Amino acid sequence: MKKLLLIGLVMLCCTSCATILCGSKEKVTFDSDYKESATMIIDGRRHKNVTFPYKANIKRGFRDTEVRISAEGYETQTIYIDKTFNPWALLNLADFMGWAIDAATGAVTQPDSEYYWIDFTPAAK
């Protein structure tokens, strides 16, 4: 009986490990040699007067994140941030509830990189 209780307690402690340890967002850095302010749109949310390097919170989840960067006199750049499996989710082991919570919060995924370089191309006149 004690062994069963101990196993149950361990499984309860391992519930939604990726959500607890990593959260539902991850900080990503965007950098460029462009020194003026730019505008970034990350999944529809506008970030004005951005200077580089710029750190932004990217939502975890199963959909890729679209980032559009624009600056006066330059072509708009678009970056798609792919998501990969978050190894912290493996701590859920066989706990179905933990996997469900991590999936619902998006914590089973993470951006495939923490750093993105932006090359600004002058706009054609």
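## The largest pocket

β3 and β4 each supply at least two residues of the lining of the largest pocket. β4 gives the most, with four residues. Strands here are DSSP E runs of at least two residues, numbered from the N terminus. The model is predicted: local features need pLDDT of at least 70, side-chain atom pairs count only at pLDDT 80 or more, and totals for chains, interfaces and linings use all residues. Residues are numbered from 1 along each chain as its sequence is written, and side-chain values use heavy atoms, leaving out hydrogens and water.

The pocket's volume is about 280 Å³, the space filled by probe spheres set on its grid points, which are joined across faces, edges and corners. Of its 16 lining residues, I42, D43, N57, I58 and K59 are the closest to the centre. On a 1 Å grid over the protein atoms alone, a pocket is an open set of points with protein on both sides within 12 Å along at least five of seven lines; lining residues have an atom within 4 Å of a point.

## The open sheet

Four strands form an open sheet in the order β3-β2-β5-β6, with antiparallel pairing. β3 (45–50) and β6 stand at the edges with a single partner strand each, so one side of each lacks a neighbour in the sheet. Pairing requires at least two DSSP bridges. Four bridges join β2 to β3. A38 stands opposite V50 in β3.

## The nonpolar core

The largest nonpolar core has 18 residues. Such a core joins buried (under 20% relative accessible area, 1.4 Å probe, protein chains only) Ala, Val, Leu, Ile, Met, Phe, Trp, Tyr and Cys residues through side-chain atoms within 4.5 Å. F30, M40 and F120 are among those with the most contacts inside it.

Note on methods
Buried means under 20% relative accessible area, exposed over 50%, partly exposed in between (1.4 Å probe, protein chains only). On a 1 Å grid over the protein atoms alone, a cavity is a set of points where a 1.4 Å probe fits but cannot get out, and a pocket is an open set with protein on both sides within 12 Å along at least five of seven lines; lining residues have an atom within 4 Å of a point.
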